[in-house]
Structures are given as structure tokens and as C-alpha cells.
Amino acid sequence: MADIHLIETKPRNETRAVRVGNVTIGGGAPIAVQSMAATKTQNIEATVRQVQLLEAAGADLVRIAVDSRKDVEALAEIRGRTSAVLSVDLQENYRLAEFVAPHVNKIRYNPGHLYHHEREKPVRDKVAFIAEIAQRNDCALRVGVNCGSVDPVMTAKFGDDDVGAMVASALEHCAILDDLGFTRYVVSMKDSDWKKVVEGNQRFAAQRPDVPLHLGVTEAGMPPEGIIKTRVAFEQLIPQGIGDTIRVSLTLPFERKGEEIAVGREILADIAAGRFRSVPPRFGEGLNIISCPSCSRVENEAFIELAQHVKEMAAYAQDYAITIAVMGCRVNGPGETDDADLGLWCGPAAVNLKRGEESLGAYPYDEVLDRLRVELDAIIEARRR
Ligand code: SF4
């Protein structure tokens, strides 16, 4: 990639300073670089090693996923074995906040997942519960909106404008937290499409320039494409003064997760020095493979190899605008593959294959590629007609 031009950067938005352990996000502090442990949280040895590896790579903050009380017990032990600034990712069970908060510095909740439990309870009450727990335990919060799992109420309201739904959901939760008097929060709005990440963050920042933003392209995929998608998004946003912390999400083997931090720091250094990179010709026009960065929920470590094999197998289709999504688990896999032409989400022993929203069945890891190829050929054939 060659340097192509220098861009005059705007000053950072004057966001509030949000303290997370000994790290400050926003308020003019250096942009914090963070990542997430990809190991199973209950595998304490592996997760401690993963946290140490990310710290050694220069992570300011390390996130861990917690889905159950057993994960909480593991988290408590991990906390005792590392001094890293820890954040936790709550999935559907928002009530776990109560048990994780004593062990971490920040809690991320997804507004789109809050409705799963206690459906009769108003969202505001659930947010109040989380905020009160955070306050009591000296934790910051992240309102982490994901375009693939936006609150269904917003989705119904905004129809095809999924970016609008994502931004409205983030704004709604900011308003709730402000109203509750809890201002120690940051916001993220992520998608696997970097253009939506840019648009969402721009729209949000225009309305709430005071709220610190966590930037990231989710399920960006494998290097180098995953790095390019992320770089393009950050190059669009950071020079506009938008962004206080970043996460680069790449599908990588566990022992290489430190590369997410290295890549993040390199992108930040390039932007700070005015070095903006060109995008390869026709980037984003042909085959698009999105794959999650994996986390403790990954159901089979073979997922990472599978993602690589999908990329190699599908290379022959590079000229076709076809999206293949490869996801590591049942938590986000079924939903996040809906918009892809072909989707694979991993279970413990089998891979679930989808064509759009339609399920094509579950296949053993060593058979799914052949079936995927048949489906890919069929799509290409249909487009040739
Ligand atoms: S799809 Fe599942 S395994 Fe992959 S990052 Fe998301 S939650 Fe983790």
C-alpha cells in the first residue's frame, strides 16, 4: 500500500473523560487500544495466558465474555491473577452484572439483548439495574450496539434504515443513563460493513459529540481484508475527531491475538502522522468474507481453521459480489449470518449452513466445505443466467 495524500485532521471531539480502572477513555486522553480474550472463560489457564499476551502486545484494556455463573467464578480467579484493566461482555443475562462487577472495571451491555430476559420489565428498569451495579462497584459502562442485533423495537421503527435504528438505539440508552444520573459510559456502534460503521458513528457524534466512542468493525474477518476494512473505517472517523478507543477484530489463532493490538497501534500512528493508505482497486466489490474474531463463546476451536479454509476454497469466486459469513457460536451466529448470501455458524460438533435466512442443515466440520461449494456454485450459476 502506498501513501496517497495528507489529510488535515480536526481536533478530537470534546468528549467526557470516562475512567476505566487506570485508563481514561475520552476527555482528550490518548486513544485507548483494546481487545478481547478469545479463549473459553472457564479455561482459566488459557484465558490468563490470553490476557497476558494481549497486555504484552500493549492492550490498554482486555475484555472477557461472561455468560453464566460458572464463567463468573472463573472470572474471579482470572481477576486475581492479572492486574490488566478488565472489561466484561454481558450477553443476554443482564442480571449477571451484579456478580461480574466486583471483578472488572467496565461492563458492556448490548441494548439489543436486554429484551431476552424478563420481557415484561421496562428496558429503563434493566438499565437502571446495570447502572446502579456499575456505580456501586466503581465500573464504567459501554452501551455496545451491534447492527446485527439491534433492539427489535428500533428495527420495526426504522425498517431498512438499519444504521438509523442502531444510532437511535444508542441515543435512547444515552438518554436513559443521563436521566439516571450515570454519565460514566462510552458508546459503540458496530457492523461488519465499514461504511455502516462510518455512517453510524458520524450520525451519532453529530448529535452527541460529548459521548466517548469506541470504534470497531465487527466480524471484519481475516488479515489482510479484515485489517483493510478496519483501517478504512478508522481513517474516515478519527481525522474527523471521532473515536476515543478502538478495537480491531480479526479472525486469528489464539496465540496471534496480540496482532489486533499491533495493527490498532499501527493504524493510529499512521493517522497521527498523516499517512493515509490507498484501498486496493475494487476492494469491497467482489467476494466478501466476514468472520467473527472469536471469543470465549466459540463452540469449537476448529472455527478459526474453518474460516481460513472457507476463504481458500471460495477464492475462485472472488469476482462475484457474494457475502459469506463464518461465525463461531450460537449466540451471535444465527442472527449475524441472516444478511449474508451464505452463512456458517459453528456448533460443538457440526457447522450450521444457511442460504440467507434459510437453514440448510448441520454438517460435520470435514464435510461442510463441500456442501458450501455446491451452494456457492449454484449462486454463481444463477447470476450468470
Ligand atoms: S460470533 Fe460468537 S464466538 Fe464469534 S465473536 Fe461473536 S460471540 Fe464470540
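I looked up the domain centres: the C-alpha centres of domain 1 and domain 2 lie 26 Å apart. The model is predicted, so I note that local features need pLDDT of at least 70, side-chain atom pairs count only at pLDDT 80 or more, and totals for chains, interfaces and linings use all residues. Residues are numbered from 1 along each chain as its sequence is written.

**Domains.** Domain 1 covers 3–277 and domain 2 covers 298–384; the bounds come from an automatic or database domain assignment. I checked the contact between them, and 8 residues of domain 1 and 9 residues of domain 2 take part. Two residues are in contact if their C-beta atoms, placed from the backbone, lie within 7 Å. On the domain 1 side I found 3 nonpolar, 4 polar and 1 charged residues. Here Ala, Val, Leu, Ile, Met, Phe, Trp, Tyr, Cys and Pro count as nonpolar, Asp, Glu, Lys and Arg as charged, and the others, Gly among them, as polar.

**Core.** Next I looked up the largest nonpolar core, which has 114 residues. Such a core is a set of buried Ala, Val, Leu, Ile, Met, Phe, Trp, Tyr and Cys residues joined through C-beta atoms within 7 Å. A residue is buried if 20 or more other C-beta atoms, placed from the backbone, lie within 10 Å of its own. I107 and I130 have the most contacts inside this core. Helix α6 gives the most to the core, with 8 residues; helices here are DSSP runs (H or I, at least four residues) and strands are E runs of at least two, numbered from the N terminus. Both domain 1 and domain 2 give residues to this core, so it lies between them. Beyond its neighbours within four places in sequence, I107 has contacts that include V88, L90, I130 and L141.

**Helix α7.** This helix runs over residues 194–207 and has 14 residues. From first C-alpha to last it reaches 20 Å, close to the 20 Å expected at 1.5 Å a residue, where the expected span is 1.5 Å times one less than the number of residues. I listed its buried residues as W194, V197, V198, G200, N201, F204 and A205. Their cover includes helices α6 and α8 and strands β9 and β10.

**A233.** I found A233 in helix α8. A233 is buried, with 26 other C-beta atoms within 10 Å. Not counting residues up to four places away in sequence, A233 touches W194, V197, V198, L215 and V217. D193 is 40 residues from A233 in sequence and 9.2 Å from A233 in space, C-alpha to C-alpha.

Methods
Buried ≥ 20, exposed ≤ 12 C-beta atoms within 10 Å, placed from the backbone.
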